[in-house]
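Here are my notes on this structure. Please read them with the model open beside you.

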Amino acid sequence: MSNFFGKLRDRRNLVQGSFALITNIHIPNFFKGNIYTGKLKSACVPGLNCYSCPGATLSCPIGSFQAVVGSSKFNFAYYVTGLMLLFGTIFGRLICGFLCPFGFFQDLIHKIPSKKFSTRRFSFLKYIKYFILVFVVWLFGVFLTDKLGTASPYFCKYICPQGILEGGIPLSLANKSIRAALGNLFLLKSVILGTIIIVSIFFYRPFCKYLCPLGAFYALTNKFSFYQYHVNDNCISCGKCKRICKMDVDMSKNQKALECIRCGECIKACPTSAISTSFTNNNLEEVRYE
C-alpha cells in the first residue's frame, strides 16, 4: 500500500489528467456544441468542474449548491452539502491536489518556463476565498432571490474561470447561436480567466489560494479528514518541507494546515523520511503509509 500511494504521488499529473478525462468523457459533445444532460448530472464530482462543459458527466458541487440554495425546497442543497462534506471528511484538500481539473490546469500553466515567484508575502489574500464561500456562494444565494425564490448563481456567473474555460469557450466555438449571443459577461469572464492564466505562469495556483470557494470548504475539512499527514521524531527541522511547498505550508509545524493540498512534495523532499500519511478508521485507529 505504501508503494501504491508513493506511485500516485510520483505520477500526480497523470492522476489529475486521468480524472479530468474520466469526468469529462463525452468528447464528441465538444464538436457538436452540446451538453450532456443525462441522469448522472444529478450527482457531483469532488472538484471544480463546470456543468456546462460539453464533456462533463457530472455536476460541479458549487454550481449545484448555488442552483438551489435560495429555493424554498432545500432537499437538493442538503444533498450537495452532504456530498461535499463526505468528500472533505474522507480526503480533505487531497481533492484539490489530485482530483480538481482546474487545479490541474493551473499546474500545467505553471510549468511554462519563466521566473517563478513566492506567494508568502501575499498570504493575507487567502481569506478572500472564505469571503466568496460565505457571501457570494451561500448568503447571496439565500437572500438575493427573485419572486420565485430563485437566485442567480453569482459565483458561477460572474467569477468562476472554470465555467468560461470548460463551458463558454468550447460551446461558443462549436455553436453559432451561442457565439451570436455573447456579450459583456463573456468578456468579463474571459478577462478573469486570462488574468488567472498569466498569473499562474509566475505564481503557483493563485485561484486555489485566493479565490476558490470549493478549496475554502475543503480547507476547513483538513482539520478532521480521515486522510492526514504526520511528522515523527525523525524530523531534523531542516526546513526543506517548507521550502519545497508551493502552497506555503511548513509541514514540520502544522500537519493540518488549511492550505495544504496533500500533493506529497514535502514527503519526497524530506531527507529523513519523517513525514507519513494515514487514513483513520471508525475505531480511531490509524492505518499509516510510509
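1. Helices (H or I, at least four residues) and strands (E, at least two) are DSSP runs, numbered from the N terminus. The loop between helix 7 (101–110) and helix 8 holds T119. This is a predicted model: local features need pLDDT of at least 70, side-chain atom pairs count only at pLDDT 80 or more, and totals for chains, interfaces and linings use all residues. Residues are numbered from 1 along each chain as its sequence is written, and side-chain values use heavy atoms, with hydrogens and water left out.

2. Is T119 buried or exposed? T119 is buried, at 2% relative accessibility. Buried means under 20% relative accessible area, exposed over 50%, partly exposed in between (1.4 Å probe, protein chains only).

3. S59 lies in the loop between helix 3 (28–32) and helix 4 (61–68). S59 is buried too, with a relative accessible area of 2%. Its side chain reaches the backbone oxygen of K41 at 2.4 Å.

4. Now the helix pair. K129, Y130, I132, L133 and V137 in helix 8 meet P213, A216, F217, A219 and L220 in helix 14. Contact means heavy atoms within 4.5 Å. The residues of this contact divide into nine nonpolar, no polar and one charged. Ala, Val, Leu, Ile, Met, Phe, Trp, Tyr, Cys and Pro count as nonpolar, Asp, Glu, Lys and Arg as charged, and the others, Gly among them, as polar.

How values were computed. Polar contact = N/O pair within 3.5 Å; in protein donor to acceptor, adjacent residues only side chain to side chain.
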